[in-house]
Amino acid sequence: MSASIQAIRGMHDVLPEESPRWQWVERVFREVSERFGYEEIRPPLVEAAQLYVRSIGESTDIVGKEMYVFTDRAGEELALRPELTAGVVRAVVQHGLLARRSLWRLWYYGAAFRYERPQKGRYRQFHQYGVECIGSPYPESDAEVILLAVAVLRELGIADYRLQLNTLGSPAVRQRYRTALVAYLESVREKLSPESQLRLERNPLRILDSKDERDQALLRSAPLLIEYLDAESREHFEALCRMLQQQGVPFELNPHLVRGLDYYTHTVFEFVSSRLGAQNAFGGGGRYDGLVESFGGPPTPAVGFSFGVERLLLLLPERTPDGAVEIYVARAEVEPEVALSLLEELRRAGYRAVGDLQRRSLKAQLREADRLGARLAIILGRTEWQQRRLVLRDLRNGQQWECPVQELGEHVRRILQR
Ligand code: AMP
């Protein structure tokens, strides 16, 4: 026998018993996005590798270490998308959307790929849901996307989280701060962790969110970006904080929050939960005012966020609404055609209904109905059917009764409370 082929490490099947939870969160993403007037966009899974090098940044972990890059048969260097913002912005520019409208509210959902060491909450294929609000420089647009994210969490019943907020200021502010930070870190270079010493050349801002205790201690005396902010950046950030307070959205300031992508300017934020262990961030976003222009579009401010769907699923409450079968049609010595017709009628009326396809005993059929989590069984018995009557069984309490066929609708509505 040949060796069996397994799924790729870090890439997971969603098995039928897990899919109701996925479908539920996907439904919530769509509904909440629509409630806020966001439209769906679906960029491809594969893009030119350069797209990510130029936007996320060559010296970031995502591009430098984690991206799946390959050459296609024509010799082009392609990448599996490590996130979706770059593709969305590329699409907006390529199709000239901003010439048609100066503001776009977009949402997306789909797989992303990063070659990371798999662990709880960290995979090589994972899913992101996110939104991009493209065209407004004002803090009310930052507030809108954060309120949307909070609405998704509320709808999903996730309450145990913290929202962390910071500002990186304008690119000029960031540049000045970077110089000051590097000067300080150079003075303590020997005491930094080896990882941070490497980052000092490539991506010094990332040292700020190092988890290493030695780094943490040294960072306590590091200059803070907030001290370098210009008036405009400060006003933007303060206005956003005020708006969130007004709307009753709790947040905490984290001056060390920088996020791992180069394209951010001004606002950055992250949703974290202590229930997730080491990978405690389950969503993040920020403003990226220079990205559209850097892809060849008109200068256009924008802000967005994304949630990691697998991490959201880890935070979901135990019981979630599911799409389980509602009605099981069991058959005892009645033609299969009768069951097919009844099932068709129920499904046309909008019920989730299944019947037996293995011609098993009535007992086995009812066991199957239980296993499927059905609420109601309709039993087609020979003598009853001859009188056009049906046997109904409430599967929650085992109560059983009969009714004439024409009254079925009422009984089903009552049991399923529709
Ligand atoms: P990032 O673009 O790195 O901020 O990622 C946005 C969100 O995607 C994170 O907050 C995570 O929830 C999720 N995420 C990122 N990388 C992974 C991964 N390797 N596995 C699972 N989720 C991830």
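**The ligand and its surroundings**

The largest contribution to the shell around the ligand comes from β10, which supplies three residues. Please keep in mind that this is a predicted model.

Which residues come nearest to the ligand? Of the 14 residues around the ligand, they are Arg114, Glu116, Tyr123, Arg259 and Gly283.

In the side chain of arginine 114, an N or O atom is 2.8 Å from an oxygen atom of the ligand. Tyrosine 123 takes part through its backbone: an N or O atom there lies 2.8 Å from a nitrogen atom of the ligand. Glutamine 128 places a polar side-chain atom 3.1 Å from an oxygen atom of the ligand.

How much of the ligand's accessible area does the protein cover? On its own the ligand has 480 Å² of accessible area, and the protein covers 92% of this. Two or more residues of the shell come from each of the elements β6 (125–134), β10 (281–287) and β11 (302–308).

**A three-stranded sheet**

I turn now to an open sheet of three strands, ordered β2-β4-β3 and paired in the antiparallel sense. At its edges are β2 (46–48) and β3 (69–71), each of which pairs on one side only. On average, neighbouring strands of this sheet are turned by 40° against each other, if direction is ignored.

Between β2 and β4 (residues 77–80), the antiparallel pairing runs over three bridges. Within this region, alanine 48 stands opposite leucine 78 in β4.

**Two residues in helices**

Finally, I would draw your attention to two helical positions. Histidine 411 belongs to helix α16 (residues 408–416). Is this histidine 411 buried or exposed? Its relative accessible area is 14%, and it therefore counts as buried, the limit being under 20%. Leaving aside residues up to four places away in sequence, histidine 411 touches Leu392, Trp401 and Cys403.

Glutamate 26 counts as partly exposed because its relative accessibility is 29%, which falls between the 20% and 50% limits. How far apart are the C-alpha atoms of glutamate 26 and glutamate 270? They are separated by 21 Å, while the two residues are 244 residues apart along the chain.

Thank you for your attention.

Notes. Residues are numbered from 1 along each chain as its sequence is written. This is a predicted model: local features need pLDDT of at least 70, side-chain atom pairs count only at pLDDT 80 or more; totals for chains, interfaces and linings use all residues. Side-chain values use heavy atoms; hydrogens and water are left out. Helices (H or I, at least four residues) and strands (E, at least two) are DSSP runs, numbered from the N terminus. Buried means under 20% relative accessible area, exposed over 50%, partly exposed in between (1.4 Å probe, protein chains only). Contact means heavy atoms within 4.5 Å. Two strands pair if DSSP finds at least two bridges between them. Axes are lines fitted to C-alpha atoms, for helices over the stretch in contact, and angles run from 0 to 180 degrees between N-to-C directions. A residue is near a molecule or strand if one of its heavy atoms lies within 4 Å of it. A polar contact is a pair of N or O atoms within 3.5 Å; within protein, one must be able to donate a hydrogen and the other to accept it, and residues adjacent in sequence count only if both atoms are side-chain atoms. Accessible areas come from the Shrake-Rupley method with a 1.4 Å probe; for residues, only the protein chains shown count as cover.
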